[in-house]
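Subject: Structure handover

Hello,

Here is the structure for you to look over. My notes follow below it.

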Amino acid sequence: MVKLHIKKGDESQFLYETVTTTPINDVLNDLTAIFNGRLKVDRLCEDMKTLAQHGTMLPPNMQGLTDEQIVELKLVDEWAMKCVPSGGSIVCRDEIGRRNGCAPNEKMAEVLTKTVKEAKDLISKNQLKADVCLTQAKVQDALDMLRGAVMIVYPMGLPPHDPIRLELENNEDLTGTQASLEVIEPANSSLWWAGKEMIRGKLLKDFIGSNEKTKIIAKLQKKGQGAPAREKVVSEDDQKNMMAYYYKKQEEFKKLEKAEEDSYLDSPWSDNSSLKKQFHGLGNIKWGPR
């Protein structure tokens, strides 16, 4: 099996495993699905953290309003909609004004936060360091874990406008957000290796050969961005270690040079009292036990 260390720019993403006979089209579809799936999991995890702290999302026409404005606009009935999760709730006001403040109790909040951590660990970049490959199935497992936790805490379901529900139902609208710029559509994706783009319609072996034990670093990006920057010959950590080593050597050389400059002081001809010692017969005296 061929292993692809996938990067986006200079940032490592995940490890992917396939065979050399796989079409580039299939590789790109798989990679973009995993890449976008990880982004979805990250978005869900961030929203579920605030869900555990401040409860469900307010309707769009109530977000950012004060309690007085809600009453004045006669939205109080809508504001008081059923939002109490399983096990009761505690009031925890959202300073941003996006969530209703009906937070889950401590036990239910722990279910959400614990599941968020487990889901993030499942698709973490640390999996790459452990030489563990990521698949669409693992990304789906992370999504299912998050969906299950939400169903446990909110058996009545989240409001239809809550971004967590929209994400889980694949109805999210990322238009105009920073998240939309990160998503890579399969048809608009490209994969680069060794300064060459892997062209659709060909097989992986057309670029890397037929050796199934190959491991390469490939870069995933959007089409039209040109060739990505080549990998550095020396990593940043190795470069720091080398600089520290050469600095240490340079300091040692400076000390040696200074020692050599002063070494003449140990010579007999540099002793101002050497003539006097000769007249007194004190030259070439050695000390030692009898």
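Two strands count as paired if DSSP finds at least two bridges between them. That applies to β5 and β6 (residues 196–197), which pair in the antiparallel sense over two bridges. W193 stands opposite K196 in β6. Please keep in mind that this is a predicted model.

The turn comes next. Two residues lie between the strands in the hairpin of β5 and β6. There, A194 takes a positive phi near 55 degrees.

L191 has L220 as its bridge partner in β7. Four of the five residues of β5 are buried, so the strand is largely enclosed by the rest of the structure.

Now helix α6. This helix covers residues 136–153, which makes 18 residues. From first C-alpha to last, α6 reaches 26 Å, close to the 26 Å expected at 1.5 Å a residue. Its buried residues are V139, A142, L143, L146, A149, V150 and V153. Seen down the axis of α6, they fall within an arc of 120 degrees, so they line one face of the helix. What covers them includes α1 (24–54), β4 (102–104), α4 (106–122) and α7 (163–168).

Last, the cysteines. The structure holds zero disulfides. C45 is buried, at a relative accessible area of 0%. C133 is buried too, with a value of 13%; the cut-off for buried is under 20%.

Best wishes

Technical notes
Residues are numbered from 1 along each chain as its sequence is written. This is a predicted model: local features need pLDDT of at least 70, side-chain atom pairs count only at pLDDT 80 or more; totals for chains, interfaces and linings use all residues. Side-chain values use heavy atoms; hydrogens and water are left out. The expected span of a helix is 1.5 Å times one less than its number of residues. Buried means under 20% relative accessible area, exposed over 50%, partly exposed in between (1.4 Å probe, protein chains only). The arc is that of the directions from the helix axis to the C-beta atoms. Contact means heavy atoms within 4.5 Å. A disulfide is a pair of cysteine sulfur atoms within 2.5 Å.
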